[in-house]
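Subject: Model handover

Hello,

Here is the model you asked about. My notes follow below it.

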Amino acid sequence: MMLEKYDFHCHSTASDGALSPTELVRRAHQQGVTTLALTDHDTTAGLPEATQTAAECGMRLIPGIELSATYANQCLHIVGLNIDAANPLLVEGLVKQQSLRDQRAIKIAEKLEKKGIQGVYQAVTKAAGNGEITRSHFADFLLAQGHVSTQQEAFDRYLSKGKPAFVATQWAALEDVISWIRAAGGIAVLAHPLRYNLSHKWMNRALIDFKQFGGQGVEVVTGRASVDDIRLSWQLAHKHQLYASVGSDFHTPENQWVELGRLAALPDGVQPVWSLLPTLQ
Ligand code: AMP
Ligand code: MN
Ligand code: MN
Ligand code: MN
């Protein structure tokens, strides 16, 4: 029996990943991944190329996405797995999300220019190319121009909530984002649950609502998760009876801590999200 290796969260140049869909799929294949979900921020543009390359490699590609959602004034990331990218409701939703991204990019650039940092908008649009502009593109620019010495510092000093170049964005409501994923035949998964710094009370509220809206899964194993992180996320899946997902959130080969398919084993006692996927003939 072939040993399966799953990775259900990663990014290509269609959003803030460093590798093209083809390069990403080839790398995943080399790393022994047997089923990969490409989950770019608010876009499905990388999926046709990824699907084609995966077929060439003999690897399974799950069409996916990572949607930005608003819930109780917070931005949550919802991974959609096994979506039909042609679904009209999803397509319509993505047009709005992408226009929010464009409008936000202009405002972030203006804020940075007020801080005396020039040429921001031109640089990030060039770097993003045909892909979605994300805050990572701004962080890379600030790093390249020597304003900060790490990407993390760009977030800590400029781009995070409460910092001078942060622009609050009203992404689509959690309920709507989940309904697009469901309309497209997909599985909605709460990405990296520990990264929102929600209190226990709020996390539980969020997951109750998430499930009520049609959400089905939560990421239990992520790229840099510690044993404690995995235990906490496992408890959330177990308590709320959600399917457990696994995903590296790979963005770039330059981050030596995160690799495609390099994930801790999913602990027993929760249902893996891949049990919801149709079996291949
Ligand atoms: P956006 O969806 O455009 O707001 O960008 C979010 C992306 O920025 C995330 O998916 C990460 O790739 C990156 N990001 C967010 N916060 C941080 C952080 N503190 N350090 C490094 N990267 C971050
Ligand atoms: Mn990202
Ligand atoms: Mn995310
Ligand atoms: Mn991600």
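Strands E3 (residues 60–71) and E4 run antiparallel and are joined by 8 bridges. Helices (H or I, at least four residues) and strands (E, at least two) are DSSP runs, numbered from the N terminus. Two strands pair if DSSP finds at least two bridges between them. Across this pairing, Glu-66 has Val-79 in E4 as its bridge partner.

A word on the basis. This is a predicted model: local features need pLDDT of at least 70, side-chain atom pairs count only at pLDDT 80 or more, and totals for chains, interfaces and linings use all residues. Residues are numbered from 1 along each chain as its sequence is written, chains are lettered from A and ligands numbered from 1 in the order in which they are written, and side-chain values use heavy atoms, with hydrogens and water left out.

The sheet
The sheet is open, with 7 strands in the order E1-E2-E3-E4-E5-E6-E7 and mixed pairing. E1 and E7 are its edge strands, each pairing on one side only.

Strand E5 (residues 187–190) is covered on both faces. Ile-187 and Val-189 on one side are buried, as are Ala-188 and Leu-190 on the other. Buried means under 20% relative accessible area, exposed over 50%, partly exposed in between (1.4 Å probe, protein chains only). E5 pairs with E4 (residues 74–81) in the antiparallel sense over 4 bridges. There, Leu-190 stands opposite Ile-78. With E6 (residues 217–222), E5 pairs in the parallel sense over 2 bridges. Val-189 has Gly-217 in E6 as its bridge partner.

The helices
Helix H8 (residues 200–212) lies across E3, E4, E5 and E6, at about 175° to E5. Helix H7 (residues 174–183) lies across E3, E4 and E5, at about 160° to E3. Contact means heavy atoms within 4.5 Å. Axes are lines fitted to C-alpha atoms, for helices over the stretch in contact, and angles run from 0 to 180 degrees between N-to-C directions.

The metal site
The manganese ion (ligand 4) has four protein donors: His-9 (NE2), His-11 (NE2), Glu-66 (OE) and Asp-249 (OD), 2.1 to 2.3 Å away. Donors are N, O and S atoms within 2.8 Å of the metal (3.2 Å for Na, K and Ca); water is not among the atoms, so sites may look incomplete. Their spacing along the chain is H-x1-H-x54-E-x182-D. His-11 and Asp-249 link distant parts of the chain, 238 residues apart. His-11 counts as buried because its relative accessibility is 0%. Asp-249 is buried too, because its value is 11%. The manganese ion (ligand 2) lies 4.4 Å from the manganese ion (ligand 4).

Best wishes
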